[in-house]
Amino acid sequence: MTKASVKPGSGPVLVPVLGDQLSHDLPSLADRAPGDTVVLMMEVWDETQYVRHHKAKIAMIFAAMRHFAAELEARGFTVDYVKLDDPGNTGSFTGEVARAVQRHGARGVQVTEAGEWRVRTMIEDWRETLGIRVRVLPDTRFVCPLPDFYAWAAGRKQWRMEYFYREMRRRTGLLMDGDQPAGGKWNYDAENRGGPDAECRPPSPAHFRPDAVTRDVIDLVAARFADHFGSLDAFHWPVTATQANKAFDRFLEERLPLFGRYQDAMMAGADTMYHAVISPALNMGLLDPVDLCRRAETEWREGRAPIEAVEGFIRQVIGWREYVRGIYWLTMPDLASANRLEVDRPLPEFWWTGETDMACVADCVRVTRDTAYAHHIQRLMVMGNFALLAGLSPQDVSDWFLVVYADAYEWVEMPNVIGMALFADGGKLGSKPYAASGAYINRMSDYCGGCRYDVKKKTGPDACPFNALYWHFLSRNEKRLSGNPRLANPYATWRRMAEEKQQAYIDSADAFLATLEPAGKGWARG
């Protein structure tokens with residue numbers, strides 16, 4: 001696009017609103033008068049193809065966009081909404097913004113900063129290509145502005161979420177009594193590690209029947225993205241702020257009291273356990289993070305939920321979520337190619353098909369395929385753990401997570417995968433690799449009881465593959481990781497083993513790895 005191809009005008013200000021910016025208090029809308037503003041919303045092909053997103057993820061975002069556009073129109077805004085199949089749709093944000101500038105004779109563009117590196121770079125280029133003023137505003141929908149995060153991180157030898165989280169508690173006043181943490185502790189994670197037991201009977205989260213707008217989107221996605229991963233059959237996501245708040249209210253009432261106790265637990269077929277399942281709506285902008293946390297805190301203050309459950313929820317929202325966003329922007333673009341452990345094994349085919357005898361992996365792929373969701377322990381300690389132990393390519397794994405989950409945007413997905421799950425950043429985000437044998441999965445789930453593999457066997461064709469893979473991982477990374485104080489005990493155990501026992505683990509892991517069939521091309525990127 002050249003300057004000559006766009007004629008600047010004296011018309012309204014054009015405000016592009018992206019699919020993860022569906023908030024009425026969006027900075028780029030906050031100071032705009034409806035009579036002097038055109039809001040541009042765009043369904044574009046490029047955003048469905050930079051990775052080939054799960055069908056339900058595409059449907060959720062497009063449906064939420066269409067509902068949000070109607071809400072803006074009800075507020076008096078003129079909304080120029082470009083549907084995916086509209087004639088002339090150029091298929092890109094840049095192309096559609098340029099067309100809209102010409103259509104409306106816009107005198108300027110005002111946009112909230114993008115949440116992903118590639119889109120932010122794209123927006124920066126508009127200043128050169130559009131030939132009119134482009135004003136980019138900071139995204140104020142987060143607790144910690146990025147300059148504040150950079151200042152916090154500057155000069156620290158190690159970045160650790162726990163210390164950042166305490167700053168966010170002080171900043172918001174959440175779970176604070178004066179200048180002290182409510183209940184006398186900052187973190188109740190040690191009390192939130194229960195596995196499934198007889199009392200674990202999680203209720204289902206709120207489901208929402210698609211209305212006519214959403215059904216039209218589902219039909220569009222089914223027709224245009226038939227070859228993408230995932231199913232639309234069980235589509236039930238909230239696609240408006242009203243629905244998302246109803247879903248959260250149900251979580252507060254039915255699942256928050258036991259959320260802490262079972263937040264790390266897994267059960268076959270219990271796809272959401274006691275989790276809130278509001279991250280897709282939150283990351284689209286339909287929910288306000290501080291409001292969610294205040295509502296959760298009220299449940300504790302009024303005696304309806306224990307502090308360990310409420311603190312665990314708040315830590316995820318204003319601690320971990322804010323922390324990974326800061327890490328993303330602080331370490332990009334290098335984060336995208338990080339591979340400190342120097343691994344390159346391709347993704348196995350069963351990551352897409354679920355056709356594996358490992359019951360835990362099969363169940364995680366099943367729920368992911370059917371719903372575009374899996375809770376954080378399934379993601380970290382089953383899929384991420386397997387990827388770490390097996391030495392899968394960090395970039396392939398990151399692409400998979402970005403494709404398959406409805407809440408996955410690069411700013412939140414990439415640090416969690418590259419940094420936390422795979423330790424590919426060398427420990428910038430987390431203090432140790434989250435590596436675990438089958439014993440962890442057995443303790444925290446009911447998967448192993450129905451598995452073809454025996455979790456109590458350490459080596460051989462019938463042993464749980466996670467067992468040998470765990471020691472294989474430690475062995476091949478001994479030079480890199482043995483100095484990590486949090487791995488001192490595992491390495492001491494490894495060194496005490498008889499040589500023949502060590503070799504049995506290595507041989508068993510190698511035999512399993514040799515059976516992995518690489519996934520075919522085109523699943524994640526066309």
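Visitor: Which residue with a positive phi follows α18?

Guide: This is a predicted model, in which local features need pLDDT of at least 70 and side-chain atom pairs count only at pLDDT 80 or more, while totals for chains, interfaces and linings use all residues. Residues are numbered from 1 along each chain as its sequence is written, and side-chain values use heavy atoms, with hydrogens and water left out. Helices (H or I, at least four residues) and strands (E, at least two) are DSSP runs, numbered from the N terminus. The residue after α18 has a phi near 55 degrees, a positive value, and is Phe-423.

Visitor: How many of the twelve residues of α18 are buried?

Guide: Buried means under 20% relative accessible area, exposed over 50%, and partly exposed in between, with a 1.4 Å probe and protein chains only. In α18 the buried residues include Glu-410, Trp-411, Val-417 and Met-420. Helix α18 (residues 410–421) is largely enclosed by the rest of the structure, because the buried count is eleven.

Visitor: Which helices do the buried residues of α18 pack against?

Guide: Contact here means heavy atoms within 4.5 Å. The partners of the buried α18 residues are α5 (117–129), α11 (279–284), α13 (307–331), α16 (376–390) and α17 (394–404).

Visitor: Which residues does Glu-116 contact, leaving aside its neighbours within four places in sequence?

Guide: Glu-116 sits in the loop between β4 (108–112) and α5. Its relative accessible area is 5%, so Glu-116 is buried. Beyond its sequence neighbours, Glu-116 is in contact with Tyr-50, Tyr-328, Trp-329, Tyr-409, Glu-410 and Trp-411.

Visitor: How far apart are the end C-alpha atoms of α15?

Guide: The expected span of a helix is 1.5 Å times one less than its number of residues. Helix α15 (residues 359–371) has 13 residues and should therefore span 18 Å. The model agrees, with its end C-alpha atoms apart by 18 Å.

Visitor: What covers the buried residues of α15?

Guide: Ten of the 13 residues of α15 are buried, leaving the helix mostly covered. Among them are Cys-360, Asp-363, Cys-364 and Val-367. The cover includes α14 (350–353), α16, α17, α19 (438–444) and α20 (465–476).

Visitor: What is the phi of Met-273?

Guide: Met-273 lies in the loop between α10 (256–262) and α11. It counts as buried because its relative accessibility is 1%. Met-273 is a residue other than glycine with a positive phi, near 50 degrees.

Visitor: What is the relative accessibility of Val-277?

Guide: Val-277 is found in the loop between α10 and α11. Its phi is positive, near 55 degrees, in a residue other than glycine. Val-277 counts as buried, at a relative accessibility of 13%.

Visitor: How are α16 and α17 oriented to each other?

Guide: Axes are lines fitted to C-alpha atoms, for helices over the stretch in contact, and angles run from 0 to 180 degrees between N-to-C directions. The axes of α16 and α17 come within 10 Å and cross at roughly 150 degrees. Angles under 35 degrees count as roughly parallel, over 145 as roughly antiparallel, 65 to 115 as roughly perpendicular and the rest as oblique. The two helices, α16 and α17, are therefore roughly antiparallel.

Visitor: Which residues of α17 meet α16?

Guide: The α16 side of the contact consists of Arg-379, Met-383, Gly-384 and Ala-387. These meet three α17 residues, namely Val-397, Trp-400 and Phe-401.

Visitor: Which residues does Trp-351 touch, not counting residues up to four places away in sequence?

Guide: Trp-351 is part of helix α14. Its relative accessible area is 0%, so Trp-351 is buried. The residues touched by Trp-351 are Val-365, Met-383, Phe-386, Ala-387, Leu-392, Val-397, Trp-400 and Phe-401.

Visitor: What is the omega of the peptide bond from Met-332 to Pro-333?

Guide: Pro-333 is in the loop between α13 and α14. The bond from Met-332 to Pro-333 is cis, with omega near 0 degrees.
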